[in-house]
Amino acid sequence: MSKVVIKNIGHLVTMDATRRELTGVDMAVENGVITAIGNNLSGPSIDAAGCVVTPGLVNTHHHLYQTLTRAVPGGQDALLFGWLQTLYPIWSNMGPEEFFTSAQVGLAELALSGCTTSSDHQYIFPNGATLDDSIAAASEVGLRFHASRGSMSIGESDGGLPPDHMTEREPAILKDCIRVIDKFHDASDGAMTRVVVAPCSPFSVSTDLMKDSAALARDKGVMLHTHLAENDEDVAYSLDKFGCRPGQYAEDMGWTGDDVWHAHCVKLDAQEIDLFAQTGTGIAHCPCSNCRLGSGIAPVRALRDAGVRVGLGVDGSASNDAGHLLDEARQAMLLQRVQNGADAMSAREALEIATLGGAQVLGRSDVGSLEVGKRADFAIWDMVNLAAAGNWDPVAALVLTGPHQVRDLFVEGRAVVRGGEMTTIDLPRVIARQNQMALRLAGG
């Protein structure tokens, strides 16, 4: 369907410059673009009476392969470093089929939670797995995809955290970054696939690779991404190995700027927050994962007040263990209230971070809001259901009460979810395949 009109929208959340919320309007979409917002628009239609329509949610940090290792006993109660050391040996047994299927499961979970654009940070490539596997999965599911080519080059024998056999040689890493950028990256407006250069973390790659990755990304015109200041162990490692805090290390390596975003940043101090604000550096806030691993509460209120770009991330399913982006918005709001008071963050601000905020972090000016000329990425939420029953404010209720699953989801004007069901993949079959793989990995 090249043209469709979403009719009788109960509440349209535009996330435009003035954050308008419109009631009882129609929205026309044609050839992947929003062409009109108004009344009595004509064309093939979908009724949205009693529904809230929002921009598609944007996920700024994930590790999709980890959907195969949810609730692993040895990692359920561990801090970050111990959690990683438990899971590295399991992940080393995965291959291309596991990476492809895990990506399908994770992206379908995101889609059903209202997400239209997702980043993914893949930093291990065992047994012939490549970034191509997750890109192929995203193409089938139908979400916009920012594929981050991660890497680890410093193993245990050199003072790093990962096992030596999970690392790669740095010349090979850079060569493959060039390959996937040249093969897949699309810088154009409305791009479905973009590639990001993304060494895993300061404790798993060398300073040379950090610097070389930044130079490569800027030469190729792509963005940069890594983990930073995730917990106290992370900060202690930086002080011990580099003689400075993580923010200063990022600055020294060339890892600040509007083409960079860092995951977590739970332990940034006031000076680092100011640095990120001045340089335009973005942050992927992953509240549920930060809670699960006991990392702490990221200073999102201070970051936002300073003008730092902040988006949401579900993080990997081995540290969350879910991939529900609307739940992340609720958790982000609640944590800021725990830390700063009940008026520290509203439901609407949390929704803004989940939509427009994420788009800004990923450098996407073409998505994140519902305006004429923007790409037709949107979610339709049915508010006539058990979760939302009795609400007085349907927009706030999205974050405060639910629903927990989107009714319809459109990406580039194409339906990915209709009536709460995936339209692009046979999800029950994919889930069955995933469960078989998980059982095999567990030794069953």
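Reader: What should I know about the model first?

Author: This is a predicted model, in which local features need pLDDT of at least 70 and side-chain atom pairs count only at pLDDT 80 or more, while totals for chains, interfaces and linings use all residues. Residues are numbered from 1 along each chain as its sequence is written, and side-chain values use heavy atoms, with hydrogens and water left out.

Reader: Thank you. Where is T54 found?

Author: T54 is part of strand β7, residues 51–55. Helices (H or I, at least four residues) and strands (E, at least two) are DSSP runs, numbered from the N terminus.

Reader: Is T54 buried or exposed?

Author: T54 is buried, because its relative accessibility is 1%. Buried means under 20% relative accessible area, exposed means over 50%, and partly exposed is in between, using a 1.4 Å probe and protein chains only.

Reader: Which residues is T54 in contact with?

Author: Leaving aside neighbours within four places in sequence, T54 is in contact with V13, L351, L370, D377, F378, A379, W381 and L398. Contact means heavy atoms within 4.5 Å. With W381, the side chain of T54 also forms a polar contact of 3.1 Å. A polar contact is a pair of N or O atoms within 3.5 Å; within protein, one must be able to donate a hydrogen and the other to accept it, and residues adjacent in sequence count only if both atoms are side-chain atoms.

Reader: Let us turn to helices. How are two packed helices described?

Author: They are described by the angle between their axes and the distance between the axes. Axes are lines fitted to C-alpha atoms, for helices over the stretch in contact, and angles run from 0 to 180 degrees between N-to-C directions.

Reader: What are the values for α3 and α4?

Author: Helix α3 packs against α4 (residues 170–184) at about 25°, and their axes are 11 Å apart. That angle makes α3 roughly parallel to α4. Angles under 35 degrees count as roughly parallel, over 145 as roughly antiparallel, 65 to 115 as roughly perpendicular and the rest as oblique.

Reader: Which residues make the contact?

Author: On α3 they are L131, D132 and I135, and on α4 they are R179, V180, K183 and F184.

Reader: How many residues of α3 are buried?

Author: Eight of its eleven residues are buried, so α3 is largely enclosed by the rest of the structure. Among them are L131, D132 and I135. After α3 comes G142, with a positive phi near 100°.

Reader: What about α11 and α12?

Author: The axes of α11 and α12 (residues 347–361) are 9 Å apart, at an angle of about 130°. The two helices are therefore oblique to each other. L326, A329, M333 and R337 in α11 meet A347, A350, L351 and A354 in α12.

Reader: Which residues does S289 touch?

Author: Not counting residues up to four places away in sequence, S289 touches H264, V314, D315, S319 and N320. S289 lies in helix α9, residues 287–292, and is buried, with a relative accessible area of 1%.

Reader: Now the cysteines. How many disulfides does a search of the whole structure find?

Author: The search finds zero disulfides. For C200, the nearest cysteine sulfur is that of C286, 13 Å away. A disulfide is a pair of cysteine sulfur atoms within 2.5 Å. C200 is buried, at 5% relative accessible area.

Reader: Finally, what is the phi of N127?

Author: N127 has a positive phi of about 55°, although it is not a glycine. N127 lies in the loop between β9 (115–122) and α3 (131–141), and is exposed, with a relative accessible area of 53%.
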